[in-house]
Amino acid sequence: MPTRLILIAHAPTAATRRAAFADDEALEPLRTRLEEKERFDRLFVAPERRARETAAAFGWSATIDDELRDLEAGAWRGKSFDALLTEAPESVMAWTSDPEFQPPGGESPRQVQARIAPLLAAIAATGEPTILITHKAVLRALLSLATGWTMLNKPPVKLLPSTAHLFRVGEGG
């Protein structure tokens, strides 16, 4: 039987509002308290502050899992997409058209995919419902693994901050 897995995108930060590659920053103030809808005993969170604060906003205590960390943006960390279009337009074009492209000192979307695959297999092996609080790059990687989406165009579903996405993880992740 497939394992239920819920991924929650961390709540908004100043970087998500300005379309920038985030550094380890705090959340923007939340307008409402997030409420737990169902009991999950297995909760894992990315190590970055914004992910940990999202878990805290739910009132949840979660285990930090480094595999859920955000895409390493390298030299692009903290820079807006618009600034990068001015500084390195060829690199931005490569980023948007090639999931193997790595920003200088960073990792590619495909590397994120490879990083999370063993974690998904381990979650599937437990058979226990699990919540992961992580980042859009990790959500995109999982969505690609789950649906066959190539990461070359828009994703088949909109991935927004503070949203939950339900997946069923079969054997092998």
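This briefing covers the nonpolar core, the aromatic pairs, the salt bridges and the strand pairing of one predicted model. Local features need pLDDT of at least 70 and side-chain atom pairs count only at pLDDT 80 or more, while totals for chains, interfaces and linings use all residues. Residues are numbered from 1 along each chain as its sequence is written, and side-chain values use heavy atoms, leaving out hydrogens and water.

**Nonpolar core**

- In soluble globular proteins, nonpolar side chains tend to be buried together.
- A nonpolar core here is a set of buried Ala, Val, Leu, Ile, Met, Phe, Trp, Tyr and Cys residues joined through side-chain atoms within 4.5 Å. Buried means under 20% relative accessible area, exposed over 50%, and partly exposed in between (1.4 Å probe, protein chains only).
- The largest such core has 42 residues, and those with the most contacts inside it are Leu5, Ile8, Trp60, Leu68, Trp76, Ile131 and Ile133.
- Among the elements that give two or more residues to this core are strand 1 (3-9), strand 2 (42-45), helix 2 (49-58), helix 4 (89-97) and strand 4 (130-134). Helices (H or I, at least four residues) and strands (E, at least two) are DSSP runs, numbered from the N terminus.

- The structure holds 3 aromatic pairs. Rings of Phe, Tyr and Trp (its six-membered ring) pair if their centres lie within 6.5 Å; planes under 30 degrees apart count as stacked, over 60 as edge-to-face and the rest as tilted.
- Phe58 and Trp60 are a stacked pair, because their ring centres are 4.0 Å apart and their planes are at 5°. Both Phe58 and Trp60 are buried.
- Trp76 and Trp95 form an edge-to-face pair, with 5.6 Å from centre to centre and 70° between the planes.
- Trp76 lies in the loop between strand 3 and helix 3 and Trp95 in helix 4, so this pair ties together parts that are 19 residues apart in sequence.
- Trp76 counts as buried at 4% relative accessibility, and Trp95 is buried at 17%.
- Ring pairs join Trp76, Trp95 and Phe101 into a cluster.
- Leaving aside residues up to four places away in sequence, Trp76 touches several residues, including Phe21, Leu84, Val92 and Pro103. Contact means heavy atoms within 4.5 Å.

**Salt bridges**

- There are 7 salt bridges in the structure, each being a side-chain nitrogen of Lys or Arg within 4 Å of a carboxyl oxygen of Asp or Glu.
- Asp70 and Arg50 meet in one of them, at 2.7 Å from N to O. This pair links distant parts of the chain, 20 residues apart: Asp70 is in the loop between strand 3 (63-64) and helix 3 (81-87), and Arg50 is in helix 2. Asp70 and Arg50 are both buried.
- Arg115 and Glu107 form a salt bridge at 2.5 Å, N to O. Arg115 counts as buried at 8% relative accessibility, and Glu107 counts as buried at 10%.
- Glu72 and Arg77 also form a salt bridge, at 2.5 Å, N to O. Glu72 is partly exposed at 29%, and Arg77 is partly exposed at 36%.

**Strand 2 and its neighbours**

- Strand 2 is covered on both faces: Arg42 and Phe44 on one side and Leu43 and Val45 on the other are all buried.
- Strand 2 pairs with strand 4 in the parallel sense over 4 bridges, and Arg42 has Thr130 as its bridge partner in strand 4. Two strands pair if DSSP finds at least two bridges between them.
- Strand 2 also pairs with strand 3 in the parallel sense, over 2 bridges, with Val45 opposite Ile64.
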